Every structure is written in structure tokens, then in C-alpha cells.
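Try each task yourself before you read its solution.

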Amino acid sequence: MSIAVTGATGQLGRLVVEELLRRGVASQDIVATGRNTDRLADLAERGVHVRRADFADSGSVVQAFQGVRKVLIVSTTTVGERYDNHVRAIDAAKDAGAELIVYTSTLNARTAGMMLADAHAKTEQYLRDSGVPFVVLRNGWYLENYTSQFPLYLETGVVPGSAGGGRVSAASRRDYAEVAAAVLAGEGHAGSVYELGGENAFTLAELASALSDASGRHVIYSDLPAEQYRAALLDAGLPAELAEVLADSDLGLKRGELFTSSGDLRRLIGRPAVGLADVLTGAPKF
């Protein structure tokens with residue numbers, strides 16, 4: 001067995017496994033891990049090795065990584081626990097004898113001031129210091145962060161945020177999964193840090209305008225003070241920690257921390273990233 005993918009019960013990890021299979025990696029050479037292996041039963045039926053891995057339980061992660069040559073560590077979502085979880089996963093991969101660790105970080109992790117960037121920057125440094133060859137995939141914002149909200153934007157006529165005129169280099173979750181699979185299935189990437197995002201960056205005002213044009217409904221961008229945006233997210237039912245992170249991330253967007261012109265994503269997947277215009281053109285009738 002050669003490749004382990006953590007978080008395969010989540011959206012990104014699952015897509016990476018599917019992309020590895022699409023690229024011709026043999027199912028018996030893939031280990032899909034997650035806390036609830038019942039959710040991976042269909043992959044097991046296709047010949048993929050399924051193993052339990054809970055980042056809070058070091059023993060389970062070491063066992064999950066046994067016999068693998070490459071490990072993809074998909075960053076966890078709980079902000080306060082993220083760094084410690086990543087440390088345990090890196091240590092487990094090292095203890096299991098992995099020859100390459102690939103880690104999904106965030107765009108501009110070493111320079112961004114966003115709350116989200118701190119744990120990623122610390123994880124990147126820990127990974128460098130581990131002595132295991134590594135690749136860092138600095139994923140930008142998911143395009144789905146916005147497209148999933150289209151019905152709400154259309155209902156209210158407002159795209160709320162605190163991003164000012166900042167431009168976001170968003171790409172689809174599948175694009176980021178394709179990058180991860182390309183790196184895992186390929187060779188020659190060790191030591192690389194890839195800044196990943198779509199080429200057609202947009203402001204939230206441009207998002208609102210594009211949605212208006214595509215739907216025929218009037219949608220505007222409402223730029224709010226961060227605290228007011230956070231309160232609006234709380235009123236919408238989001239947990240306090242998530243509301244805080246999203247409002248803070250919009251301030252990072254405003255500072256340019258979710259923008260990249262690197263071209264790494266396009267080069268690694270061999271095509272342009274799916275962009276906002278592609279989604280709106282291919283969307284069903286509003």
C-alpha cells in the first residue's frame with residue numbers, strides 16, 4: 001500500500017480518493033481513513049483499504065498509516081484543536097515510516113494575519129522540522145463557500161461581508177482535490193510549497209453583480225464592519241467560533257490574504273480552475 005488519505009469521510013478527502021482512482025491508482029494501494037469508517041463502506045467495496053483514524057487518538061493514526069509510503073493530512077476544522085491534531089498526525093506518519101507527508105494548509109499561511117492562518121503556519125513549521133520529506137498545499141478559499149449561499153443571496157438580495165474591495169482567488173473543492181491527487185500520484189514534489197487558487201479572482205461586489213446578471217434579480221454587496229458581520233452570522237444561527245472565524249477571514253480577504261497570482265493550481269492540474277463564471281453559466285435556471 002502506498003497512499004493514505006485522512007479525512008476521507010469529509011468532502012475534500014473523499015474527492016481526493018475518487019481522483020486517485022480516476023487517475024488509475026490501484027484501489028488496493030489507497031488507504032482511506034476517518035473517524036467513522038461506516039461512511040467509507042462503499043470505498044471498501046471497491047477495494048480501497050478503510051481504516052479508522054482519529055487525530056485525537058495517536059494510536060489509531062499510527063495504525064492507520066502502517067505500510068503507506070505517502071500520507072495526505074487534510075487539515076482538521078476545529079480551530080482550537082487544529083495544531084495539536086496536526087502534530088499527532090505528523091508524528092504518526094513519521095513513526096509509521098512514511099516517505100512523504102502532504103499537508104493541506106491555507107493560502108499565504110506564513111504571512112497572513114487571519115486567525116485561520118496561525119495554526120497552519122505552526123503546522124508547516126512542525127512539518128519542516130519533522131525531517132520527513134513534505135509538500136505543502138496552501139489551498140485558497142473554496143468557491144463553494146459562496147455558491148452554496150446563492151439561494152440565500154437571491155432570497156435576501158444581499159451578499160453580506162467585511163471584505164471591502166479585496167479579491168478572493170477561489171477555486172472549487174474538486175480542483176484542490178485534483179491538485180492533491182496529482183501530487184500524491186506523482187513524483188518530484190518533495191520540498192514544494194504550492195500557493196493554490198483560481199486565476200479569476202473576484203471581489204464580493206463582483207460576485208453580487210455576476211449573480212444579478214445570471215439570475216435577473218437585483219443582488220448587492222453589503223460591506224459591514226467585522227463586528228456587525230459577526231453579529232449577523234450569529235443571528236443566522238452559526239456557532240460563535242465559526243462566526244468569529246468567518247468575520248476575521250473577511251478582514252484577511254480585504255488585506256489580500258486570500259489572493260494569489262502563482263498559477264500553481266493551473267499548472268498542477270493542467271487546466272484552468274473552475275471559476276465563478278463557469279458556475280453561473282452552468283447553473284440551473286434561478
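Predicted model: local features only at pLDDT ≥ 70, side-chain atom pairs only at ≥ 80, totals over all residues.

**Exercise 1. A charged side chain on a helix**

With which side chain does the side chain of glutamate 244 make a polar contact? Work out its surroundings as well.

*Solution.* 
- Step 1: find the residue. Glutamate 244 sits in helix α11.
- Step 2: Glutamate 244 has a relative accessible area of 33%, so it falls between the 20% and 50% cut-offs and counts as partly exposed.
- Step 3: list its contacts. Setting aside residues up to four places away in sequence, glutamate 244 touches Met115 and Arg230.
- Step 4: pick the polar partner. The side chain of arginine 230 is the one, at 2.7 Å from the side chain of glutamate 244.

**Exercise 2. Two helices crossing**

Describe how α10 and α11 pack.

*Solution.* 
- Step 1: get the geometry. The axes of α10 (residues 226-235) and α11 (residues 240-254) come within 9 Å and cross at roughly 145°. The hand of this crossing is right-handed.
- Step 2: collect the residues. From α10 you have Ala226, Tyr229, Arg230, Leu233 and Leu234, and they meet Ala240, Ala243, Glu244, Leu246, Ala247, Asp250 and Leu251 of α11.
- Step 3: sort them by class. The α10 and α11 contact has nine nonpolar residues, three charged and no polar ones.
- Step 4: look at the spacing. An α-helix has 3.6 residues a turn, so residues three or four places apart point the same way.

**Exercise 3. A helix and its cover**

*Solution.* 
- Step 1: compute the expectation. Helix α5 (residues 115-130) has 16 residues, and at 1.5 Å a residue it should span 22 Å.
- Step 2: compare. The end C-alpha atoms of α5 are 24 Å apart, which agrees with that span.
- Step 3: find the buried residues. Among them are Leu116, Ala119, His120, Thr123, Glu124 and Leu127.
- Step 4: see what comes next. Glycine 131 follows α5, and its phi is positive, near 90°.

**Exercise 4. A buried arginine**

Is arginine 138 buried or exposed, and which side chain makes a polar contact with its side chain?

*Solution.* 
- Step 1: Arginine 138 is in strand β6.
- Step 2: apply the cut-off. Its relative accessible area is 7%, under 20%, so arginine 138 is buried.
- Step 3: find the partner. The side chain of glutamate 195 makes a polar contact of 2.6 Å with that of arginine 138.
- Step 4: Arginine 138 touches residues including Asn108, Glu124 and Arg128.
- Step 5: follow up on asparagine 108. This residue lies in the loop between β5 and α5, and its phi is near 55°, a positive value in a residue other than glycine. At 17% relative accessibility, asparagine 108 counts as buried.

**Exercise 5. An aspartate in a strand**

Which residues does aspartate 223 contact, leaving aside its neighbours within four places in sequence?

*Solution.* 
- Step 1: Aspartate 223 belongs to strand β9 (residues 220-223), and it is partly exposed at 40% relative accessible area.
- Step 2: list the contacts. They are Gly161, Ser162, Ala163 and Gly164.
- Step 3: look for polar pairs. A polar atom of the aspartate 223 side chain lies 2.9 Å from the backbone nitrogen of glycine 164. The side chains of aspartate 223 and tyrosine 221 are joined by a polar contact of 2.5 Å.

Definitions and conventions. Residues numbered from 1 in each chain as written. Heavy atoms only, no water. Helix = DSSP H or I, 4+ residues; strand = E, 2+ residues; numbered from the N terminus. Buried < 20%, exposed > 50% of the residue type's maximum accessible area, 1.4 Å probe, protein only. Contact = heavy atoms within 4.5 Å. Polar contact = N/O pair within 3.5 Å; in protein donor to acceptor, adjacent residues only side chain to side chain. Axes fitted to C-alpha atoms, helices over the stretch in contact; angles between N-to-C directions. Left-handed = near helix turned anticlockwise from the far one by under 90°. Nonpolar A, V, L, I, M, F, W, Y, C, P; charged D, E, K, R; others polar. Expected span 1.5 Å × (residues − 1).
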